[in-house]
Amino acid sequence: LVYPLFLLEDKNAVQPISSMPGISRFGLEKLIVEVDECMNAGVTNFILFPAVEEKYKDKYATYSLDASNFYLMAIRELKKRFPEAVFISDVAMDPYSSDGHDGLVIDGQIVNDETLPILSAMALAQAEAGFDIIGPSDMMDGRVGEIRDALDENGFTNVGIMSYTAKYASAFYGPFREALDSAPKSGDKKTYQMDPANGDEAIREVGLDISEGADLVMVKPGMPYLDIVYRIKEAFGYPTYAYQVSGEYAMMKAATQNGWLDHDAVMMESLLGFKRAGADGILTYFALEAARLLKR
């Protein structure tokens, strides 16, 4: 299980997310408490997302490289306190971009090749700060190879890459975008995220990402795309992860809060479905609750 966590600049802040019951944005001091609870429950893998204030955003996501960036400062402290934990970064422009897109926008178009140097510089800054695994979520073509080259050339050969290989243009991301205030200012992400009707494209993308140096591949969202998880695992036998995204989590939480479904039963059945489909790991907001239940 991998637990997604949202980080705020204010070290002592805790902000509940209205559309994701039980999930909050944390400042560093509060996040340390949350990570400690997770470690005690047996959750040792985390993916960290920054909730960046508008004042830090610009067209080229320059704040992502700033040495005083609260995201980079936080991982230094987290790795110092929890050296045995695995922390995965998020590489995309949208948290830092004034346009709200994962790639660079020029004249209203997302420009793939011009985005790659920005992403590789971001990944390098994250590796230098202490992230164990880099997580490119942007869906630009060629970014895995660009990032792998930048890491290797700078001595970070042991830093892994978990590629968002099959990230679909899904309707299930709404609560996440509320959590990070990262929705596009104009247009949508359908030009670079994948068509939900197209399953064959995922197989091609996995082959490309593996050839470029990805250590792990990932499918997002999860439950509506278990067939893709299965096809990837069968075709490549490669470490395959799946992300049970915010909308999936919110749906189940809402149904259980209304008494329509049994919370623990549907939580565990949904996670079992990922394992049955072939997922080697699951990114889920249920991680801490599921770990506590398994521990009991």
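Arg-231 belongs to helix α7, which covers residues 226-236; helices (H or I, at least four residues) and strands (E, at least two) are DSSP runs, numbered from the N terminus. With a relative accessible area of 33%, Arg-231 is partly exposed, where buried means under 20% relative accessible area, exposed over 50% and partly exposed in between, for a 1.4 Å probe and protein chains only. The model is predicted: local features need pLDDT of at least 70, side-chain atom pairs count only at pLDDT 80 or more, and totals for chains, interfaces and linings use all residues. Residues are numbered from 1 along each chain as its sequence is written, and side-chain values use heavy atoms, with hydrogens and water left out.

- Apart from neighbours within four places in sequence, Arg-231 is in contact (heavy atoms within 4.5 Å) with Gly-199, Asp-200 and Ile-203.
- Between the C-alpha atoms of Arg-231 and Ile-133 there are 24 Å, and these residues stand 98 residues apart along the chain.
- Leu-1 is found in the segment before β1 (3-7) and counts as partly exposed at 32% relative accessibility.
- Neighbours within four places in sequence aside, the contacts of Leu-1 include Val-43, Asn-45, Leu-271 and Ile-282.
- Leu-1 and Asp-264 are 263 residues apart in sequence, with a C-alpha to C-alpha separation of 16 Å.

**Open and enclosed space**

- On a 1 Å grid over the protein atoms alone, a cavity is a set of points where a 1.4 Å probe fits but cannot get out, whereas a pocket is an open set with protein on both sides within 12 Å along at least five of seven lines; lining residues have an atom within 4 Å of a point.
- The largest pocket has a volume of about 310 Å³, a volume being the space filled by probe spheres set on the grid points, which are joined across faces, edges and corners.
- Of the 19 residues that line the largest pocket, Asn-112, Met-139, Met-140, Asp-141 and Tyr-192 lie nearest its centre.
- Helix α6 (200-212) and strand β7 (109-111) each supply at least two lining residues of the largest pocket, and the largest share, 5 residues, comes from α6.
- The lining of the largest pocket divides into 6 nonpolar, 7 polar and 6 charged residues; Ala, Val, Leu, Ile, Met, Phe, Trp, Tyr, Cys and Pro count as nonpolar, Asp, Glu, Lys and Arg as charged, and the others, Gly among them, as polar.
- The whole structure contains 1 cavity of 30 Å³ or more, and the largest cavity holds about 120 Å³ of space.
- Among the 14 residues lining the largest cavity, Asp-94, Lys-167, Phe-176, Lys-189 and Lys-220 lie nearest its centre.
- In the lining of the largest cavity there are 4 nonpolar, 3 polar and 7 charged residues.

**Buried polar side chains**

- Ser-89 sits in the loop between β5 (86-88) and β6 (104-106) and is buried, with a relative accessible area of 0%.
- The side chain of Ser-89 makes a polar contact with that of Gln-126 at 2.6 Å; a polar contact is a pair of N or O atoms within 3.5 Å, and within protein one must be able to donate a hydrogen and the other to accept it, while residues adjacent in sequence count only if both atoms are side-chain atoms.
- Not counting residues up to four places away in sequence, Ser-89 also touches Ile-47, Leu-48 and Tyr-71, among others.
- Thr-165, in strand β9, counts as buried at 0% relative accessibility.
- A polar contact of 2.8 Å joins the side chains of Thr-165 and Asp-209.
- Leaving aside neighbours within four places in sequence, the residues in contact with Thr-165 include Met-139, Met-194, Ala-202 and Glu-205.

**Helix α4**

- In helix α4 (residues 143-153), the buried residues include Arg-143, Val-144, Ile-147 and Leu-151.
- The buried residues of α4 pack against α3 (112-129), β8 (133-134), β9 (160-167) and α6.
- After α4 comes Gly-155, with a positive phi near 85°.

**Aromatic residues**

- The structure holds 13 aromatic pairs; rings of Phe, Tyr and Trp (its six-membered ring) pair if their centres lie within 6.5 Å, and planes under 30 degrees apart count as stacked, over 60 as edge-to-face and the rest as tilted.
- The ring centres of Tyr-243 and Tyr-285 are 6.1 Å apart with planes at 45°, so this pair is tilted.
- Tyr-243 lies in strand β11 (residues 240-244) and Tyr-285 in the loop between β12 (281-284) and α10 (287-295), so the pair ties together parts 42 residues apart in sequence.
- Tyr-243 counts as buried at 1% relative accessibility, and Tyr-285 is buried with a relative accessible area of 2%.
- One aromatic cluster is formed by Phe-6, Phe-49, Phe-176, Tyr-243, Tyr-249, Tyr-285 and Phe-286.
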